[in-house]
Amino acid sequence: LVQGLPMARGQAAPPVHFERYPGAASAPLAAGYARREPEKTVLYGAVTEGLETFLAEARERTEHGWGVPRFVEEEFRKYTRCGILQHGFARARCPDCGFERMVGLSCKVRTVCPSCLTRRMHDTATRLVGRVLPPAPYRQWVISFPKWIRFRLACDAKLATKARQLFVRAVFALVRRNARRAGLARPLVCAAAFEQRFGSSLALNVHYHVVVADGVFVVDGTGDALVFHALPPPTDAEVVALTQRVATKLLAVVQAAHQDDEDAPDDDGLNADRHVAAVGRIRPPPADQPHIAKKRCAFWNGFSVHGDVRIHANDRLGLYRLLAYVTRPPCPEERLTRLPDGTIELRLKRTAPGGPATIFMQPVELV
């Protein structure tokens, strides 16, 4: 194992070698082995090229020259070291066949690195399917918010937590209410909730996915086991009522939060643009009538709730794929292309009627 130990910001100590045999780290590998090369990806090149400009512009925008918070910069800098051999690697050898592999140390960041996030995505989905979520049919509920609220949720962690709680409690209340109508006493709900902060175009879009058992669990007569009872799917009217209930409560919470921090100073470059977008558009748009765009999908005042995706109880692979989707990395490398002039092309997964199929940006804009 060879590890480059960081000494100070921008500096590194001489490498420290942990070798079982002298020269084991520098000996040639077997012919035909090719390691993962993150430095050759489009995302890595864009981050390394645009990061310093991004940080400098953030420092210029803030009054005290602080720039973005330290954790933002550290996330990017750790990613630029992920899998790069000069920043540390481990060399593994099979004692039976003699096959050897050189693996660069991982950054383990939670926002940028596609490799580490993909590994975390599969680990999370595997753990939930194998050890947490019991066999049962599951339904996915998704809520998205008006753009003027998304900025508030992005820079206010307490408000984001409150929004998630309002949505999860509303879904649980609907499931329990239907269970009691079916004559089931003391129903228990099983679910897993996830926050996503991005859309397919990499735009800031805070929204929530809640994977809920499509039924309830009830303690049997002996009190030693839980028995699952399936429930009928929610009706369109129930989805509309749930959307209005969550939207009304969240609007009141957002307005109260705005009154508390209306005069709060903006002290970092991360919120410089988002604060203007949030406060400048704090008034919600005129109320409109709730409507159903498609089955079990309601819209009201910019809020949308979708609850039509259902996974059968026997489809554990489908449940795994659903959980992997809601925990996926934000930046898909397979949809990024570096053009000859240095521009980054992002191919959109879905396009609006008459809208563009691709987005073009400079490296600093991607960062």
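Which residue takes a positive phi in the hairpin of β5 and β6? Select glycine 98: its phi is near 85 degrees, and the hairpin has 6 residues between the strands.

This is a predicted model, where local features need pLDDT of at least 70 and side-chain atom pairs count only at pLDDT 80 or more, while totals for chains, interfaces and linings use all residues. Residues are numbered from 1 along each chain as its sequence is written, and side-chain values use heavy atoms, leaving out hydrogens and water.

Next, select β5 (residues 88-93) and β6 (residues 100-104), antiparallel strands joined by 5 bridges. Strands are DSSP runs of E with at least two residues, helices are runs of H or I with at least four, and both are numbered from the N terminus; two strands pair if DSSP finds at least two bridges between them. Arginine 91 stands opposite methionine 102 in β6.

Move to Lys162, Arg169, Arg177, Arg245 and Lys249, a patch of positive charge on the surface. The elements giving two or more residues to this patch are α5 (157-181) and α6 (236-261), and α5 gives the most, with 3 residues. Patch residues have over 30% relative accessible area and no salt bridge, with like charges joined within 9 Å and nonpolar side chains (Val, Leu, Ile, Met, Phe, Trp, Tyr) within 5 Å. A salt bridge puts a side-chain nitrogen of Lys or Arg within 4 Å of a carboxyl oxygen of Asp or Glu. Accessible areas come from the Shrake-Rupley method with a 1.4 Å probe.

Within helix α5, pick arginine 169. Its relative accessible area is 52%, so it counts as exposed (over 50%; buried is under 20%, partly exposed in between).

Last, select Leu188, Val219 and Leu226, which make a nonpolar surface patch of about 260 Å². Leucine 226 is in strand β11 (residues 226-230).

Conventions
Lys and Arg count as positive and Asp and Glu as negative; His and the chain ends are not counted. The place of a charge is taken as NZ of Lys, CZ of Arg, CG of Asp or CD of Glu. Buried means under 20% relative accessible area, exposed over 50%, partly exposed in between (1.4 Å probe, protein chains only).
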